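Subject: Structure for your review

Dear colleague,

Please find below the structure that I am handing over to you. I would ask you to keep it open while reading the notes that follow.

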Amino acid sequence: MFGLKKDWSLDLPKKYYTMDDYNGGEARWCPGCGDFAVLTAVQRVCREEQLAPEKTVCVSGIGCSSRFPHYMKTYGFHGLHGRALPVACGVKSRRPDLNVFVATGDGDCCSIGAGHWVHALRYNMDMTVMLFDNNIYGLTKKQTSPTSPQGLATNTHPDGAWLPPLNVLAATLGFSNISYMAQTVDWNPTHLYETLKSAQQHRGLSFVRILQRCPAFVPTMFEAAMQDPDKILLLEHEKGIPLDAGVAKVYKNRQAHDPSDLIGARTIADNTEQIPIGLLYHNPSALVYDDFTTQGMGMSTSDKIEALNRELDRFAIQ
Ligand SMILES: Cc1ncc(C[n+]2csc(CCOP(=O)(O)OP(=O)(O)O)c2C)c(N)n1
Ligand SMILES: [Mg+2]
């Protein structure tokens with residue numbers, strides 16, 4: 001009589017979400033695309049944290065990486081190019097109870113969506129933002145993006161990109177009221193997973209830049225760092241991303257970095273000779289905009305009408 005209680009009601013186990021509960025179907029990215037690894041890592045985080053699929057929403061802009069919401073069996077919004085963040089802020093402002101993930105590309109976030117990048121990070125609403133940075137416009141087939149390295153031959157700069165890339169880490173650290181910024185790579189699944197898990201647990205906007213391979217258009221982009229792990233600088237600290245023994249074994253080039261140290265984070269970000277991975281900055285006490293947008297949400301209709309009338313009365317001409 002397994003699971004049958006004395007009053008004849010069934011003692012069913014609490015629902016446990018498995019990977020399947022987050023699987024939105026076969027992902028159609030190119031073979032070898034780094035986006036697959038990110039998708040799996042997010043599904044693992046959802047399972048680990050037991051995020052209810054019906055309480056989770058993935059928001060994106062436009063790009064290969066922005067196809068992400070289609071492959072998650074959660075709510076999703078595949079939006080307009082560059083507009084992932086304002087949509088996500090809108091969702092969060094009315095539904096603070098939802099877990100929000102944002103998928104945005106380097107073109108989506110740092111080019112056409114750059115204005116929203118600055119302001120959404122300043123609003124610091126509680127969501128996990130994943131910047132899929134493959135240093136190229138993938139979906140439109142190889143145009144220069146703000147993070148393309150100088151000299152990269154693309155369809156818009158066949159003789160090589162003219163300018164050095166935008167330093168995403170340094171730029172983000174310059175925005176006001178940021179609360180969480182980490183960097184990871186798609187080709188180390190453990191570090192990727194640990195980083196996204198830590199990001200999801202943070203209350204506020206966690207901005208995670210993921211160096212992401214695009215074998216179709218820039219197949220050698222991160223090859224040097226993959227071949228020689230010493231080109232990666234692994235940041236370690238008790239307040240940082242939990243250090244997995246396997247990850248520590250691969251990345252011998254390590255630096256202790258307290259993520260509350262903004263000046264230290266800026267110094268690391270400015271050194272473009274190495275690729276830092278880990279938590280660069282964390283300020284859990286930054287103001288969270290949700291605390292303002294959710295004010296009055298529990299009001300009844302008559303309370304709302306009364307409050308509205310009170311406001312209108314302020315304009316009455318005596
Ligand atoms: C308003 C607007 N401008 C331009 C485009 C064309 N467009 C679609 S995706 C894209 C860039 C995609 O690059 P990225 O954001 O880096 O994503 P990826 O495909 O590399 O993942 C561009 C320019 C568009 N869809 N809408
Ligand atoms: Mg891109």
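A polar contact is a pair of N or O atoms within 3.5 Å. With that in mind, please also note that this is a predicted model.

Ligand 1 provides several contacts of this kind. One of its oxygen atoms is 2.9 Å from a polar backbone atom of Gly 138. For Leu 139, an oxygen atom of ligand 1 is likewise 2.9 Å from a polar backbone atom, and for Ile 136 the value is 3.1 Å, again from an oxygen atom of the ligand to a polar backbone atom. Taken alone, ligand 1 exposes 590 Å², of which the protein buries 73%. Around ligand 1 there are 16 residues, and the closest are Cys 64, Ser 65, Asp 106, Asp 108 and Leu 139. Helix α3 (residues 106-112) supplies the largest share of this shell, namely four residues.

Next comes the metal site. Which residues give the protein donors of the magnesium ion (ligand 2)? They are Asp 106, through OD, Asn 134, through OD1, and Ile 136, through O, lying 2.1 Å from the ion. Along the chain, the donors of the magnesium ion follow the spacing D-x27-N-x1-I. Both Asn 134 and Ile 136 are buried.

A further residue to look at is Asp 186, which is found in the loop between β5 (180-185) and α6 (189-201). Is Asp 186 buried or exposed? Asp 186 counts as buried because its relative accessibility is 2%, and buried means under 20%. Leaving aside neighbours within four places in sequence, Asp 186 is in contact with Gly 34, Ala 37, Leu 192, Ile 210, Leu 211, Gln 212 and Arg 213.

Finally, I turn to the nonpolar cores. The largest has 34 residues, of which Val 100, Val 102, Trp 117, Met 127, Phe 207 and Leu 280 touch the most other members. Helix α2 (residues 84-94) gives the most to this core, with five residues. Apart from this core lies another, of 31 residues, among them Tyr 17, Tyr 22, Cys 33 and Phe 101. Not counting residues up to four places away in sequence, Trp 117 touches Leu 85, Cys 109, Cys 110, Leu 166, Val 168, Ala 171, Thr 172, Phe 175 and Phe 207.

Yours sincerely,
A colleague

Definitions and conventions:
Residues are numbered from 1 along each chain as its sequence is written. Chains are lettered from A and ligands numbered from 1 in the order in which they are written. This is a predicted model: local features need pLDDT of at least 70, side-chain atom pairs count only at pLDDT 80 or more; totals for chains, interfaces and linings use all residues. Side-chain values use heavy atoms; hydrogens and water are left out. Donors are N, O and S atoms within 2.8 Å of the metal (3.2 Å for Na, K and Ca); water is not among the atoms, so sites may look incomplete. Buried means under 20% relative accessible area, exposed over 50%, partly exposed in between (1.4 Å probe, protein chains only). Helices (H or I, at least four residues) and strands (E, at least two) are DSSP runs, numbered from the N terminus. Contact means heavy atoms within 4.5 Å. A nonpolar core is a set of buried Ala, Val, Leu, Ile, Met, Phe, Trp, Tyr and Cys residues joined through side-chain atoms within 4.5 Å. A residue is near a molecule or strand if one of its heavy atoms lies within 4 Å of it. A polar contact is a pair of N or O atoms within 3.5 Å; within protein, one must be able to donate a hydrogen and the other to accept it, and residues adjacent in sequence count only if both atoms are side-chain atoms. Accessible areas come from the Shrake-Rupley method with a 1.4 Å probe; for residues, only the protein chains shown count as cover.
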